[in-house]
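Please look at the sequence and the structure before reading the points.

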Amino acid sequence: MDKLVDASLSPDLASRPFKFTSKQGRNRRTQLLSIAFELLKEKKPEEISFADICKKAKIPRPSAYHFFPNVEAIFHGIRLLHSEGMVEKLTALKKETFKTWKEYIERSIDVAIEVTNSEIAFPRLIYGYRMSNPDMRLVGQELDIKLANLTKQGLIERFHLPNLDTLDQIFGVAISIPDSLLKLSYRTYGDFTPWMVAEAKKATISYLLNYFPEVCEPRK
């Protein structure tokens, strides 16, 4: 939760309404996000209103509207915090060693689950709630592209992958596979079950085997 202190909210992904530089603006935005986090520990997103958050944060609604136009915008801010965590953890994989590209894919999925399970608000918002605002969904699509590129670059730095013109598209599909299966697991069981996690890994690797050999030579 330390990121709420500065609430940078992925400046390269966030839209202008989420960027504030004044100390009071950062503090109030942080307070609204913190209260939303608290409420999401007890309630589903659909059960939380903008008024609920403002009341508990002790911030008048007219003032809160300056930072977030509605409750979806607050939820979006929390999702961006999740995005920052994902980017940070996937980038940190550079410090780890992998014998095969399959191990790297499996570890990437584990990292995604670790970040998502770090706060109860994250799976509730990402897999249990659908944003209606098209601009916010667009930011989610941009994040998917960034995560796909991080995964691709992580493998390219470690292994000699086939030289394919469609590599960007391949990794875009690849990261959507575990995302879909984890969503199914959460909506069906309320959790990421070990069996579904294993299936997500197998499905992703099986897809990539259509383009990569069983063994890719490591880079020296």
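The points below go through the salt bridges of this predicted model.

Side chains of opposite charge can pair when their charged atoms come close. In this model the count comes to seven salt bridges, and three of them are described here, including the one between E38 and K56.

**Helix α2 to helix α3**
- The side chains of E38 and K56 form a salt bridge, with 3.7 Å from N to O.
- E38 belongs to helix α2 (residues 23-40) and K56 to helix α3 (residues 50-57), so the pair ties together parts that are 18 residues apart in sequence.
- E38 is partly exposed at 35% relative accessibility, and K56 is partly exposed at 37%.

**Loop to helix α6**
- E96 and R107 meet in a salt bridge whose closest N and O atoms are 3.1 Å apart.
- E96 sits in the loop between α5 (71-92) and α6 (101-117), while R107 is in helix α6, and the two are 11 residues apart.
- E96 has a relative accessible area of 30% and is partly exposed; R107, at 24%, is partly exposed.

- D168 pairs with K152 in a salt bridge, the closest N and O atoms being 2.5 Å apart.
- D168 is partly exposed, with a relative accessible area of 48%.
- K152 is buried, because its relative accessible area is 10% and buried means under 20%.

**Shared partners**

Terms used. Residues numbered from 1 in each chain as written. Predicted model: local features only at pLDDT ≥ 70, side-chain atom pairs only at ≥ 80, totals over all residues. Heavy atoms only, no water. Salt bridge = Lys/Arg side-chain N within 4 Å of Asp/Glu carboxyl O. Helix = DSSP H or I, 4+ residues; strand = E, 2+ residues; numbered from the N terminus. Buried < 20%, exposed > 50% of the residue type's maximum accessible area, 1.4 Å probe, protein only.
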